[in-house]
Amino acid sequence: MRFPNRSVVERVRREYPAGTRVELVQMDDAQAPPIGTKGTVKGVDDTGSIMVSWDNGSSLNVVYGEDVVKKI
């Protein structure tokens, strides 16, 4: 997996600031919450992954370039 450069990470941080509500569209992980699960963004790490506190109690990150969420 290739990590995004600094400018991409900063763009993701601007697009998904802490407190943004999101809904899971796609996540390829055995531990993933069900599609459609909603959550609140806690931040974006240095790899561009969105750190989410999911409403079902999970805290799996949304991996940049792999997983998909949409703002709600």
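Author: Let's go through some labels and check each against its cut-off. Keep in mind that this is a predicted model.

Reader: Okay, why is P4 called buried?

Author: P4 has 15% relative accessibility. Buried means under 20%, so P4 gets the label buried. You'll find P4 in the segment before α1, the helix of residues 6–15.

Reader: What does P4 touch?

Author: Leaving out residues up to four places away in sequence, P4 touches V9, T47, G48 and Y64. Take T47: it sits 43 residues from P4 along the chain, and the C-alpha atoms of the two are separated by 6.5 Å.

Reader: How do you know that R13 and E10 form a salt bridge?

Author: Their side chains meet at 3.0 Å, N to O. The cut-off is within 4 Å, so R13 and E10 make the list. Both residues lie in helix α1, 3 residues apart, which is about one turn of the helix.

Reader: What makes R13 and D46 a salt bridge?

Author: The closest N and O atoms of R13 and D46 are 2.7 Å apart, and the limit is 4 Å. R13 lies in helix α1 and D46 in the loop between β2 (38–44) and β3 (50–54), so the pair ties together parts that are 33 residues apart in sequence.

Reader: Why is D46 called exposed?

Author: Its relative accessibility is 64%. Exposed means over 50%, so D46 qualifies as exposed.

Reader: Where else is there a salt bridge, say one with R21?

Author: R21 pairs with D55, with 2.8 Å between the closest N and O atoms. R21 lies in strand β1 (residues 21–26), while D55 is in the loop between β3 and β4 (68–71), so this pair ties together parts that are 34 residues apart in sequence. R21 has a relative accessible area of 28%, so the label is partly exposed.

Reader: Which residues get joined into one network?

Author: E10, R13 and D46, through salt bridges that share partners. Over the whole structure, a search finds 5 salt bridges.

Reader: What makes K71 count as sitting over the ring of Y16?

Author: The charged end of K71 is 5.5 Å from the centre of that ring. The distance limit is within 6 Å, and the charge must also be within 35 degrees of the ring normal. K71 is listed as sitting over the Y16 ring.

Reader: How many aromatic pairs are there?

Author: The structure holds 0 of them. To pair, ring centres would have to lie within 6.5 Å.

Reader: What lines the largest pocket?

Author: There are 13 lining residues, and Y16, I50, V62, Y64 and D67 lie nearest the centre. The elements giving two or more residues to that lining are α1 and β4. Helix α1 gives the largest share, 3 residues. As for the space in this pocket, it comes to about 150 Å³.

Reader: V62 is in that group, so why is V62 called buried?

Author: V62 has 3% relative accessibility. The cut-off is under 20%, so V62 is buried. V62 lies in the loop between β3 and β4. Not counting residues up to four places away in sequence, V62 touches M27, S49, I50, V52, W54, D67, V68 and V69.

Reader: Last one: why is R11 called partly exposed?

Author: R11 has 37% relative accessibility. R11 has its place in helix α1. The C-alpha atoms of R11 and G48 are separated by 9.0 Å, with the two residues 37 apart along the chain.

Technical notes: Residues numbered from 1 in each chain as written. Predicted model: local features only at pLDDT ≥ 70, side-chain atom pairs only at ≥ 80, totals over all residues. Heavy atoms only, no water. Helix = DSSP H or I, 4+ residues; strand = E, 2+ residues; numbered from the N terminus. Buried < 20%, exposed > 50% of the residue type's maximum accessible area, 1.4 Å probe, protein only. Contact = heavy atoms within 4.5 Å. Phe/Tyr/Trp six-rings, centres within 6.5 Å; stacked < 30°, edge-to-face > 60°. 1 Å grid on protein atoms, 1.4 Å probe; cavity = no way out; pocket = protein on both sides within 12 Å on 5 of 7 lines; lining within 4 Å. Points joined across faces, edges and corners; volume = space filled by probe spheres on them.
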